[in-house]
Amino acid sequence: MTTSSRNRLIAVGAILVAGAALGFIAFGNLGKNLVYYWSPGEMISKGDQAYHATIRLGGIVQAGSLKWDPQQSRLRFRVADGPTAGAASVPVISTEVPPQMFREGIGVVVEGTFDKTGVFTSNRLMVNHSNEYRPPKPGEKPGDWQKTVSEAASSTARTQ
């Protein structure tokens with residue numbers, strides 16, 4: 001066997017091994033590692049396919065749904081398709097400390113699982129926000145836009 005034939009054989013073998021490895025990575029057990037990104041309406045419409053799969057649920061924190069229990073570090077709220085009253089929504093329970101910008105009416109992405117009781121259990125909570133700066137309007141204070149979880153906790157404590 002000549003040197004050039006041997007080099008070609010090695011090159012073809014390397015390409016076949018690389019192709020097989022790429023094929024395994026692309027198609028082998030891919031379904032077990034997928035994370036779906038759905039809106040509340042899409043997730044509800046998926047039915048059994050949505051149960052116990054890892055899902056990223058994106059939507060708006062529904063107004064009036066935020067409840068913080070500081071003793072159990074449990075946050076309950078609803079994620080809705082939009083700000084309108086009739087928008088599809090899903091109740092969410094999270095035990096992680098929310099980001100400082102978390103409040104009602106803000107865009108949110110929660111990652112976790114949906115169970116047959118209709119509750120989404122979140123193990124990761126992220127806030128969607130614009131990175132555009134808007135200065136306060138005349139008469140507005142810089143902190144007026146913030147409605148923090150601690151304010152929600154104090155309003156929840158007053159109603160109990």
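## Strand pairing around strand 4

Ala80 stands opposite Ser89 in strand 5, and this pair belongs to a predicted model, in which six bridges join strand 4 to strand 5 and the two strands run antiparallel. Strand 4 also pairs with strand 2, again in the antiparallel sense, over two bridges, and here Val61 stands opposite Val79 in strand 4. A further antiparallel pairing, over three bridges, brings together strand 3, which covers residues 67-69, and strand 4; within the strands, Lys67 stands opposite Arg76 in strand 4.

The turns between these strands can be described as well. In the hairpin of strand 3 and strand 4 there are four residues between the strands, and Ser73 takes a positive phi near 50°. The loop between strand 4 and strand 5 holds Thr84, a residue that counts as exposed because its relative accessible area is 52%, while exposed means over 50%. Although Thr84 and Gln62 are 22 residues apart along the chain, their C-alpha atoms are separated by 8.8 Å.

## The chain as a whole

The chain has three helices and seven strands, and, read from the N terminus on, its elements follow the order α-β-α-β-β-β-β-β-β-α. Of its 160 residues, 28% count as buried, and the chain exposes about 10700 Å², of which carbon and sulfur atoms supply 56%.

Contacts give another view of the chain. When the contacts with a separation of 6 or more are considered, residues 24 or more positions apart account for 50% of them.

In soluble globular proteins, nonpolar side chains tend to be buried together. In this model, the largest nonpolar core has 22 residues, and those that touch the most other members are Met43, Ile55, Leu57, Phe77, Phe102, Val110 and Phe120. Strand 2 (55-61), strand 4 (74-80), strand 5 (89-94), strand 6 (107-114) and strand 7 (120-128) each supply at least two residues of this core.

Phe77 shows in detail what such a core residue touches. Leaving out residues up to four places away in sequence, Phe77 touches Val61, Ser65, Leu66, Val90, Pro91, Val92, Phe102, Val110 and Leu125. Val61 in that list is also the residue that stands opposite Val79 in strand 4, while Phe102 and Val110 are named, like Phe77, among the residues that touch the most other members of the core.

Ser122 is found in strand 7. Is Ser122 buried or exposed? Ser122 counts as buried because its relative accessibility is 5%, and buried means under 20%. The side chain of Ser122 reaches the backbone oxygen of Arg124 at 2.9 Å.

Apart from its neighbours within four places in sequence, Ser122 is in contact with Val92, Ile93, Ser94, Thr95, Val110, Glu111 and Gly112. Two of these residues have a place elsewhere in this report: Val110 is one of the core residues that touch the most other members, and Glu111 takes part in a salt bridge with Arg56.

## A network of charged side chains

How many salt bridges does a search of the whole structure find? The search finds two. One of them is formed by Arg56 and Glu111, whose closest N and O atoms are 2.7 Å apart; this pair links distant parts of the chain, since Arg56 lies in strand 2 and Glu111 in strand 6, 55 residues apart. Arg56 counts as partly exposed because its relative accessible area is 30%, whereas Glu111 counts as buried, with a relative accessible area of 13%.

In the other salt bridge, the side chains of Glu111 and Arg124 meet at 3.9 Å, N to O. Because Glu111 lies in strand 6 and Arg124 in strand 7, the pair ties together parts that are 13 residues apart in sequence. Arg124 is partly exposed, with a relative accessible area of 37%, and salt bridges that share partners join Arg56, Glu111 and Arg124 into one network. Arg124 also brings the reader back to the serine described above, as its backbone oxygen is reached by the side chain of Ser122 at 2.9 Å.

Notes: Residues numbered from 1 in each chain as written. Predicted model: local features only at pLDDT ≥ 70, side-chain atom pairs only at ≥ 80, totals over all residues. Heavy atoms only, no water. Core = buried A, V, L, I, M, F, W, Y, C linked by side-chain atoms within 4.5 Å. Buried < 20%, exposed > 50% of the residue type's maximum accessible area, 1.4 Å probe, protein only. Contact = heavy atoms within 4.5 Å. Polar contact = N/O pair within 3.5 Å; in protein donor to acceptor, adjacent residues only side chain to side chain. Areas by Shrake-Rupley, 256 points an atom, 1.4 Å probe, with all protein chains shown as cover. Pairing = 2+ DSSP bridges. Salt bridge = Lys/Arg side-chain N within 4 Å of Asp/Glu carboxyl O.
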